Amino acid sequence: MKQQKLIAALLCAVSTIAVAQDGLDEVVVTAARSEQRISQTLLHTSVITQSDIQASGASDVPTLLRNLAGAEVTQNGGVGSQSSLFLRGTNSSHTLVLLDGVRIGSATSGATAIDQLMLDQIERIEVVRGNASSLYGAEAIGGVVQIFTKRGKGAPAMSASAGYGTHATRRASASLGGEVGDANFYLGASKFATDGVSAVNTVLKPLANPDADGYDNISLSARTGYAFNQAHRIDASLFSSQGKVKYDNAYGAATDTHDSDATLSKWSLSLTDQLLADWKSRLMLAQGADDVASYKNGVRSSQYKTVNDQFSWQNTLAASEQGVLLLGVERLKQRVSGTTAFTMDARSSNSYFAGYTGDYGAHQVQANLRQDRYSDFGTANSGLLGYGLQVTDSWRITANVSTAFKAPTFNDMYYPLSYGYQGNPNLKPERARNLELGAHYVLAGLHLDGVLFRNRISDLIVTNSSYSTTDNLDEAVIEGVELVYGIQQDGLEIENSLTLQSPRNAKTGAQLSKRAQTLNTLTIARIFVAGRVGLELHSSSTRPDGSNMLSAYSVINLSAQWQVAPHLGLNARMDNLFNEDYMLSHGYNTLGRVFYVGLNYRP
């Protein structure tokens with residue numbers, strides 16, 4: 001009853017507060033592969049800034065993504081446990097995750113281990129919803145999440161933080177970065193550890209080990225760049241996240257211990273040149289890797305490693321005063337290794353893309369085409385056509401239609417014969433068509449976004465009825481609306497993100513597993529001269545998980561910051577204020593009420 005009254009009061013507050021001041025109009029690069037104001041993008045785009053990250057007091061990427069419209073995150077236990085992101089109701093393998101433009105996902109599972117990305121090394125996150133394969137290739141059916149690591153800015157300076165919380169959670173980080181002449185650099189390291197809780201609910205699954213399943217992570221990041229002059233610069237970066245995850249198996253002995261060593265890493269080298277006044281070129285050579293080794297009772301039981309070798313050459317040309325032309329080529333080589341002897345362990349793709357964005361006063365256009373030629377399953381073409389109309393100074397309407405695809409994984413195509421099952425090398429890629437209509441309003445600190453979408457996904461890859469292999473058998477239709485409402489007034493910030501969707505199997509009509517029809521996030525923050533206090537309310541309707549139905553839930557989180565000295569600050573966060581008992585995956589525990597407090601030194 002107390003929680004329901006508080007929620008009602010918060011919703012009442014949203015409806016009664018007036019608007020007074022302008023908000024920021026962030027510059028983003030993901031929605032068109034070139035710089036745009038977020039107010040000018042034709043794809044529904046969100047940005048999580050550095051100030052947002054610091055204000056949240058959160059420790060990992062999944063915690064932040066839960067705040068966004070259309071984003072649903074599940075987790076099999078506490079921090080560091082396996083997470084899945086369902087963007088706009090699509091599968092967890094239908095969202096492309098990039099780290100500084102580099103693929104770091106697994107080519108065997110098809111997903112990216114966002115649960116291994118801590119926030120101490122992260123500068124900002126951009127999220128683009130809807131089909132974006134015409135910009136980035138495979139996997140971008142639900143959208144693209146691009147994560148940017150920190151880089152050196154201003155005079156060289158050190159930063160450090162440390163904190164402690166429930167379940168013996170420890171967090172510490174240190175960094176040094178800045179600019180020296182025409183060079184910039186950044187070096188950062190962080191440590192996160194927690195004793196955690198039992199990942200599996202032993203009431204529902206009594207054979208699992210009831211001990212606490214902790215998590216330990218060490219992350220390292222390094223970036224450097226040098227500008228030869230205003231027209232030419234070179235940049236290099238390194239990143240590594242090494243996590244040790246303890247987890248449970250519901251079908252073993254109650255005394256068994258299970259853990260895994262998970263490593264996400266990437267390096268990149270890029271050269272940016274202003275070749276002519278209207279021609280900017282960027283060459284990038286990079287490698288992203290995902291390596292997971294699992295252990296049972298201290299003995300390695302499996303290992304899967306993916307290495308993504310990448311090369312890209314992107315050119316942006318000013319076609320006129322109003323338009324920008326995008327031309328580029330990419331090459332991706334994926335290699336897998338480990339304890340499973342796949343029938344094929346490498347493949348490559350050559351990609352060619354072109355695009356145009358134009359701003360003609362009240363009219364905006366965006367067109368993109370891309371072709372990906374894979375060495376195994378063949379060619380996939382994708383495209384996007386978008387239009388925006390500035391109806392008044394405050395109102396803008398947008399529309400786009402797009403296609404996308406997802407490449408079959410190595411598990412899908414090349415898994416060796418085992419217990420009567422094997423991969424299917426004749427699979428076709430999954431394909432999607434998306435239609436999106438939006439209305440956007442911005443005036444004096446108020447912004448409203450309403451976006452209708454319909455995504456039809458065909459040739460979905462599933463296991464056949466005899467469980468002998470996979471095939472392109474299923475089809476899904478996801479229809480919905482995203483409604484975002486935000487205001488800023490005299491130090492008060494409020495934003496509400498509501499998603500109403502119908503993710504269903506097109507053949508049976510059944511609701512897709514682990515995807516709710518209603519998602520809502522309300523955030524409220526009060527800004528003071530020396531600090532900030534904030535509240536998050538996350539709500540979800542019921543959703544199926546296999547043959548089980550997960551209950552609806554509402555969870556409230558609190559956060560606070562206080563600047564105790566010019567460069568010294570305190571931050572605190574309490575998750576699950578009312579100790580709500582709920583599940584994101586059937587049979588897996590979520591954290592109850594937890595508290596964290598930290599001390600931060602920033603220049």
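How much space lies in the largest cavity? I read about 190 Å³. A cavity here is a set of points, on a 1 Å grid over the protein atoms alone, where a 1.4 Å probe fits but cannot get out; lining residues have an atom within 4 Å of a point. Volume is the space filled by probe spheres set on the points, which are joined across faces, edges and corners.

Ground rules next. This is a predicted model, where local features need pLDDT of at least 70, side-chain atom pairs count only at pLDDT 80 or more, and totals for chains, interfaces and linings use all residues. Residues are numbered from 1 along each chain as its sequence is written, and side-chain values use heavy atoms, with hydrogens and water left out.

I then checked what lines the largest cavity. By class I noted 10 nonpolar, 8 polar and 3 charged residues. Nonpolar means Ala, Val, Leu, Ile, Met, Phe, Trp, Tyr, Cys and Pro; charged means Asp, Glu, Lys and Arg; the others, Gly among them, are polar. S6 gives the largest share, 3 residues. Strands are DSSP runs of E, at least two residues, numbered from the N terminus.

The structure holds 4 cavities of 30 Å³ or more. Among the residues lining it are Ser-83, Thr-95 and Ile-114. I found 4 nonpolar, 5 polar and no charged residues there. Strand S5 (83–87) gives the most, with 3 residues.

Where does S6 sit? I traced an open sheet of 5 strands in the order S3-S8-S9-S6-S7, with mixed pairing. S3 (45–48) and S7 (102–103) are its edge strands, each pairing on one side only. S6 (95–99) and S9 (143–149) pair in the parallel sense over 5 bridges. Pairing needs at least two DSSP bridges between strands. Leu-98 stands opposite Gln-146 in S9.

I moved on to the hairpins. S23 (430–443) and S24 (446–463) pair antiparallel over 13 bridges. Ala-444, in their hairpin, takes a positive phi near 50 degrees. S24 also runs antiparallel to S25 (470–489), joined by 16 bridges. Their hairpin has 6 residues between the strands, and Tyr-467 in the turn has a positive phi of about 55 degrees.

Last entry: Thr-508, in the loop between S26 (492–505) and S27 (518–528). I logged Thr-508 as exposed because its relative accessibility is 62%, and exposed means over 50% (1.4 Å probe, protein chains only).

Note on methods
Helices (H or I, at least four residues) and strands (E, at least two) are DSSP runs, numbered from the N terminus. Buried means under 20% relative accessible area, exposed over 50%, partly exposed in between (1.4 Å probe, protein chains only). On a 1 Å grid over the protein atoms alone, a cavity is a set of points where a 1.4 Å probe fits but cannot get out, and a pocket is an open set with protein on both sides within 12 Å along at least five of seven lines; lining residues have an atom within 4 Å of a point.
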